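Have it open while you read.

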Amino acid sequence: MLSSFLLPLVVAVGLAAPAAPQPKSEDIEACLACHGDKSMSVTLPSGETQSLYVDRAAFARSVHGGKLGCTDCHTDLTEVPHAAKPFQTRREFTIAYYEACKRCHFANYSKTLDSVHYPAIARGDRMAPVCVDCHGAHNISPPNQPRSKISQTCAVCHQGVSATYAKSVHGRALIEEKNADVPTCTDCHHAHDIGGPHAPGWRLKSPELCASCHANAGMMKKYGLSTNVMQTYLADFHGMTASLQRQQSAEGARVTALCIDCHGVHNITKVNAKNSSVIKANILKTCQRCHPGATENFSSAWLSHYEPTLKNAPMVYAVRIAYMILIPFMIGGLVLQILLHLWRVVVNR
Amino acid sequence: MKNYVTRFTLKQRIEHASVMTLFLVLALTGLPQKFFEASWAQAIIGALGGIDRVRWVHRAAGILFTVFTFTHLGVISALVVTGRAALSLVPTRQDFLDAIQQLEYYFGMTDAPAKFDKFDYKQKFEYWGLVLGAVIVIATGLVLLFPIEATRFLPGEIVPASKLAHGNEGLMAFLVVIVWHIYNAHLNPDVFPFDPTIFTGKISAKRLHHEHELEYERLKENE
């Protein structure tokens with residue numbers, strides 16, 4: 001079957017003790033007696049070289065330094081010399097070991113089973129990321145310190161989208177200003193249960209992602225942004241359609257404009273930036289993506305998230321006031337007539 | 001005089017039944033769109049098969065309603081121009097005098113209620129309210145159905161203004177029908193529980209005498 005390779009037969013001192021909850025420095029020292037040698041490596045059947053060196057200092061600095069010992073993760077390595085392993089490639093070795101994390105991090109591990117990456121792993125895609133691809137192995141450090149590290153981690157594979165994000169209003173604030181409020185990849189996509197943007201329902205749910213910050217009055221006040229954007233969107237034709245379609249099955253979800261369709265996704269700019277898709281000079285083009293044949297007037301049918309006032313939308317405002325007066329006046333008048341009529345009928349009897 | 005007088009022709013009865021049906025369909029599919037955030041509205045939209053279908057039905061019914069309205073107005077205009085229809089629904093000075101007298105009667109300032117001809121001022125008010133309301137919902141509805149075409153020659157603001165006017169006019173029409181029409185055709189002690197005239201086309205001579213005395217007298221004279 002699989003040809004196997006033997007890990008170098010190394011004689012080590014006292015590795016008889018089983019994995020204990022408390023790290024024992026002598027365990028680590030015992031392992032590092034061999035694995036502390038930088039030149040220690042093995043050549044795999046694929047021809048790749050797998051280093052077997054562990055950087056003592058890097059491990060000590062890692063989040064697990066001083067907390068875990070080698071055999072807490074490498075639970076199978078109880079004997080010296082270690083038993084033969086059937087790995088053909090470095091990747092096979094990584095994939096075989098990544099599940100070690102779930103012994104402690106079970107909640108996050110089980111979240112990854114709902115991740116968009118997991119089906120790729122499950123169908124045997126060796127390039128799909130596992131724990132250590134994002135977090136590292138012996139040198140694990142907090143994944144969000146600094147916060148800009150998150151998008152750099154995703155950028156290892158998702159280069160195009162990360163470059164676009166880095167130029168967006170959010171990405172620039174994160175990278176250049178070290179802003180702690182702007183969303184980075186995981187705020188919208190999550191870290192472990194990463195949702196696929198092509199999953200059913202994701203599109204229609206996306207306004208919620210925007211709302212989680214843009215409906216937060218305290219946060220928006222800091223940047224002089226209005227939280228009215230959600231209400232004005234939801235009250236309009238597109239927002240109403242999106243809200244109602246969400247209640248139907250995902251297959252019934254037809255096309256309607258969501259936040260991202262006008263403002264963009266990873267390339268979101270300030271609304272008054274020159275290259276903004278919603279600035280007056282560009283908005284007609286944005287409308288025409290869904291409404292071919294739309295003219296300049298058509299784009300001003302959308303009141304740009306403003307509540308209609310006498311100043312910015314006098315016609316809409318006038319209609320609103322007219323009916324606010326007309327409806328109660330009309331219905332009140334008719335009810336009064338009815339009451340008078342009834343009263344007279346009673347009096348006549 | 002016979003016990004019954006024919007008040008509405010078959011064509012008029014069919015017209016009423018059609019408008020009534022379309023009005024109900026339009027209200028049922030329109031009001032939940034205006035109040036889409038309310039749970040009752042969402043329940044209706046769900047029961048009807050979702051917002052896309054509700055919109056489709058509302059638009060189809062609206063187009064039919066438009067055709068009916070224009071046909072009605074066209075036929076009436078043609079009949080009036082060729083002198084084959086009486087102007088029995090046109091408001092006159094007498095209607096205002098009748099309304100004032102009727103109010104005086106309600107307040108007990110006079111013991112004589114106003115005497116009416118074929119259509120009293122309330123009926124004329126309701127008819128013209130329907131016609132005017134129909135013109136508004138048809139015009140604004142067409143803007144909403146064809147926003148790109150409408151904004152070729154109208155300012156963009158016409159679209160949100162039409163949306164607001166369409167919903168409010170529809171709501172007002174619905175409330176007028178609920179309050180006024182239901183009272184006059186059902187709950188009014190004179191006709192309770194149901195005035196079948198618009199469906200049978202017939203009205204009893206007794207009621208005609210009571211409600212449209214001038215017409216009654218005229219018919220009697222012509223006998």
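**Notes on the two chains**

1. Let me start with chain B: of its 223 residues, 25% are buried. Bear in mind throughout that this is a predicted model.

2. On secondary structure, chain B carries 10 helices and 2 strands.

3. As for dimensions, the C-alpha trace of chain B spans about 60 × 40 × 35 Å along its principal axes. If you count contacts in chain B between residues at least 6 apart in sequence, 66% of them join residues at least 24 apart.

4. Next, the interface. Here 31 residues of chain B are in contact with 37 residues of chain A. On the chain B side, the elements giving two or more residues are α2 (39-47), α3 (51-81), α4 (93-106), α6 (147-153) and α7 (158-187). The largest share comes from α7(B), with 13 residues. By residue type, that side of chain B divides into 22 nonpolar, 6 polar and 3 charged.

5. Pro193(B) is placed in the loop between α7 and α8 (197-200) of chain B.

6. Chain A has a cis bond to check too, from Gln145(A) to Pro146(A), with omega near -5°. Again the proline is in a loop: Pro146(A) lies between α7 (131-135) and α8 (149-155) of chain A.

7. How is chain A divided into domains? The assignment gives domain 1 (1-107), domain 2 (196-307) and domain 3 (309-349). Between domain 2 and domain 3 of chain A, the C-alpha centres lie 36 Å apart.

8. Two histidines of chain A deserve a look at their backbone. His190(A) has phi near 75°, a positive value in a residue other than glycine. You will find His190(A) in the loop between α11 (185-189) and α12 (202-214) of chain A.

9. The loop holding His305(A) runs between α18 (296-299) and α19 (314-348) of chain A. His305(A) has 15 C-beta neighbours inside 10 Å and therefore counts as partly exposed.

10. Last, a helix pair in chain A. Helix α14 (residues 228-235) and helix α15 (residues 237-247) of chain A pack at an angle of about 80°, and their axes are 4 Å apart. That angle makes α14(A) roughly perpendicular to α15(A), because 65 to 115 degrees is the range for that label. From α14(A), the contact is made by Tyr233(A), Leu234(A) and Ala235(A), and from α15(A) by His238(A), Gly239(A), Met240(A) and Ser243(A). Sorted by type, the residues of this contact divide into 4 nonpolar, 3 polar and no charged.

Notes. Residues numbered from 1 in each chain as written. Chains lettered and ligands numbered in written order. Predicted model: local features only at pLDDT ≥ 70, side-chain atom pairs only at ≥ 80, totals over all residues. Domains from an automatic or database assignment. Buried ≥ 20, exposed ≤ 12 C-beta atoms within 10 Å, placed from the backbone. Contact = placed C-beta atoms within 7 Å. Nonpolar A, V, L, I, M, F, W, Y, C, P; charged D, E, K, R; others polar. Axes fitted to C-alpha atoms, helices over the stretch in contact; angles between N-to-C directions. Parallel < 35°, antiparallel > 145°, perpendicular 65-115°, else oblique.
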